[in-house]
Amino acid sequence: MTRTSSRLAAHVHPFHSRDLDDVLAIEQESFSAPWTRRMFAAELQGNPFSRFLGAFCDDEMPPAKRLLGYICYWVVFDELRLMNLAVRPDCRRQGIASHLVRHAAEEGVTQGATRALLEVRAGSHLGQKLYLNLGFRPYGRRRSYYTNPDEDAILMHRQLAEHVQS
């Protein structure tokens with residue numbers, strides 16, 4: 001399925017192992033403790049719950065610039081678990097991350113999910129703001145969940161029926 005973002009011409013669709021180099025480049029630029037190629041490959045090939053979506057711009061861009069951002073999520077029974085979300089630094093604050101989360105929520109609902117869960121770094125104020133603006137609410141904290149640097153995780157959740165309609 002292809003969807004277009006309203007603020008930036010981006011088409012959202014599943015990404016595949018052929019997109020992994022571009023994903024890893026964004027991952028390295030985005031996180032102090034990035035996922036490795038092996039971690040992404042395990043999600044892509046070995047986890048039946050795992051799904052990946054990418055936001056891609058038009059084919060006239062150089063191949064390394066086509067992938068604007070991505071999301072990894074799991075659908076496990078009635079839960080959508082947002083596992084990883086990143087947008088290229090030069091494309092941030094244009095609605096791509098919100099678009100990817102909304103699209104993942106819609107996909108989750110079609111697969112039977114009724115709520116969404118995630119963890120976000122306590123120090124990631126922009127990340128928390130993104131999720132709050134999407135209707136997620138904090139419900140707990142995991143002490144020292146993240147490394148490099150050691151940091152707590154803020155646990156957030158949202159009912160999906162509300163999420164998809166917003």
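Which residue is the bridge partner of Arg 121 in S8? Here are some notes to read beside the model.

1. The model is predicted, with local features needing pLDDT of at least 70 and side-chain atom pairs counting only at pLDDT 80 or more, while totals for chains, interfaces and linings use all residues. Residues are numbered from 1 along each chain as its sequence is written, and side-chain values use heavy atoms, with hydrogens and water left out.

2. Ala 153 is the partner you want for Arg 121. Strands S6 (residues 115-121) and S8 run antiparallel and are joined by 7 bridges. Strands here are DSSP runs of E, at least two residues, and helices are runs of H or I, at least four residues, numbered from the N terminus; two strands pair if DSSP finds at least two bridges between them.

3. S8 (residues 151-159) also pairs with S7 (residues 137-146), again antiparallel, over 6 bridges. Tyr 146 stands opposite Glu 151 there. The S7-S8 hairpin has 4 residues between the strands, and Asn 148 has a positive phi near 55 degrees.

4. Of the 9 residues in S8, 7 are buried (under 20% relative accessible area; exposed is over 50%, partly exposed in between, with a 1.4 Å probe and protein chains only).

5. Now to helix H5 (residues 125-133), whose buried residues are Gly 127, Gln 128, Leu 130 and Tyr 131. They lie on the same side of H5 because they cover an arc of only 155 degrees around the axis, taken from the directions from the helix axis to the C-beta atoms. The face turned away from that side carries the exposed His 125, Leu 126 and Asn 133.

6. After H5 comes Gly 135, with a positive phi near 95 degrees.
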